[in-house]
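Me: Can you walk me through this structure? I'd like to ask things as they come up.

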Amino acid sequence: MKTELSAELKLYIGIDIHKRSWKVHCATDLFSGKSFSMKPYPEELHKYVTKHFPGYEVTTAYEAGCCGYKAHRSFESYGWTSMVVNPADIHRKGKERFTKTDKIDAQLISRELKDGRLKSIPIPDKEREELRSLFRRRNDLVKDYRRIKSLIKMQLLYYGVHIPEEHDNDHWSHKFREWIDKLEFDYSTGKGSLESKMRSFRFIDKELREISNQLRAYCRKHYKKDYYLLRSIPGIGGI
């Protein structure tokens, strides 16, 4: 008498992703599985699953982090179900809260995946992801811009240089920049320090303007309706 499987075979893969290697734990409905290390390439995992678990319905999960969503998109292209999860959503019992290794993390993800307790974070499409990268770059430049301005003002304060009242504000006009350039110190080292900071300031200022222009131009072209609708609200600017 020929027997047939009445239930679909399912494979649950928890992955602790790092730049140089992945720690992987595979489990099924029938056994708790095994852990192993592998190269950080989705195609290598696909080869392993195809060889050792043919015909299985595959579900994978890994923690959101610096490695982004490339692996997730690759897994989905193989026809697998893939999740990228918030590390805080992974339930840890007792000593698991205080013991953290790559192997344990992979096992925990696999276990939570198998028990149905994991939920994926929203995954942006590539266009939104890259737009977000440009916006984050602008945020980084804003931080650098504020920092270099503070360093310049700190040097002036340290040497007792009083900023004229008309220039002592957050807006650095061209006249104020020229005033800083003309400052003299007793020795060339003090002047050199200030000139170096001003070169950094001008570079960051130029980059910030360029990135801001790119952001506005892209959104005017690809999100024209939303962009001008938001701009119609008093107090809302292009950024």
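Predicted model: local features only at pLDDT ≥ 70, side-chain atom pairs only at ≥ 80, totals over all residues.

Me: Okay. Where is Lys119, then?
Reply: Lys119 sits in the loop between α3 (102-114) and α4.

Me: Is Lys119 buried or exposed?
Reply: Lys119 counts as exposed, because its relative accessibility is 67% and the cut-off for exposed is over 50%.

Me: How far apart are Lys119 and Asn86?
Reply: In space they are 8.3 Å apart, C-alpha to C-alpha. In sequence, 33 residues separate Lys119 and Asn86.

Me: Let's switch to the sheet. What is the order of the strands?
Reply: The order is β3-β2-β1-β4-β5. This is an open sheet of five strands, and the pairing is mixed.

Me: Which strands stand at the edges?
Reply: β3 (34-38) and β5 (81-85) do. Each has a single partner strand, so one side of each has no neighbour in the sheet.

Me: What does the twist average from one strand to the next?
Reply: The twist averages 20°.

Me: How do β1 and β2 pair?
Reply: Strand β1 (residues 10-17) and β2 are antiparallel, with seven bridges. The two strands form a hairpin, and four residues lie between them. As one example of a bridge, Ile15 is partnered with Val24 in β2.

Me: And β2 with β3?
Reply: β2 and β3 also run antiparallel, joined by five bridges. Trp22 has Met38 in β3 as its bridge partner. Val24 has Phe36 in β3.

Me: Which residue takes a positive phi in the hairpin of β2 and β3?
Reply: Gly33 does, with a phi near 90°. That hairpin has five residues between the strands.

Me: How many residues of β2 are buried?
Reply: Six of the seven residues of β2 (residues 22-28) are buried, so the strand is largely enclosed by the rest of the structure.

Me: What about β4 and β5, parallel or antiparallel?
Reply: Parallel. Five bridges join β4 (residues 57-63) to β5. Tyr62 stands opposite Val84 in β5.

Me: New topic: rings. How many aromatic pairs are there?
Reply: The count comes to 13 aromatic pairs. In one of them, the ring centres of Tyr78 and Trp80 are 5.3 Å apart and the planes are at 70°, so the pair is edge-to-face.

Me: Why does 70° make it edge-to-face?
Reply: The cut-off for edge-to-face is over 60 degrees. The planes of Tyr78 and Trp80 are at 70°, so their pair qualifies.

Me: Are those two residues buried or exposed?
Reply: Tyr78 is partly exposed, at 26% relative accessible area. Trp80 is buried, at 10%.

Me: How accessible are Tyr159 and Phe185?
Reply: Tyr159 is partly exposed, with a relative accessible area of 48%. Phe185 counts as buried, at 18%.

Me: Which residues do ring pairs link into a cluster?
Reply: Tyr145, Trp172, Phe176, Trp179 and Phe201.

Me: Where is Tyr145?
Reply: Tyr145 is in helix α4. Tyr145 is buried, with a relative accessible area of 15%. Its C-alpha is 9.8 Å from that of Glu207, a residue 62 positions apart from Tyr145 in sequence.

Me: Last topic. How much space lies in the largest pocket?
Reply: About 480 Å³.

Me: What lines the largest pocket?
Reply: There are 16 lining residues. Leu131, Phe135, Cys219, Leu230 and Ile239 lie nearest the centre of the pocket. α4, α6 and α7 (224-231) each supply at least two residues of the lining.

Me: How many of the lining residues are nonpolar, polar and charged?
Reply: Nine are nonpolar, two are polar and five are charged.

Notes. Residues numbered from 1 in each chain as written. Heavy atoms only, no water. Phe/Tyr/Trp six-rings, centres within 6.5 Å; stacked < 30°, edge-to-face > 60°. Buried < 20%, exposed > 50% of the residue type's maximum accessible area, 1.4 Å probe, protein only. 1 Å grid on protein atoms, 1.4 Å probe; cavity = no way out; pocket = protein on both sides within 12 Å on 5 of 7 lines; lining within 4 Å. Points joined across faces, edges and corners; volume = space filled by probe spheres on them. Nonpolar A, V, L, I, M, F, W, Y, C, P; charged D, E, K, R; others polar. Pairing = 2+ DSSP bridges. Axes fitted to C-alpha atoms, helices over the stretch in contact; angles between N-to-C directions.
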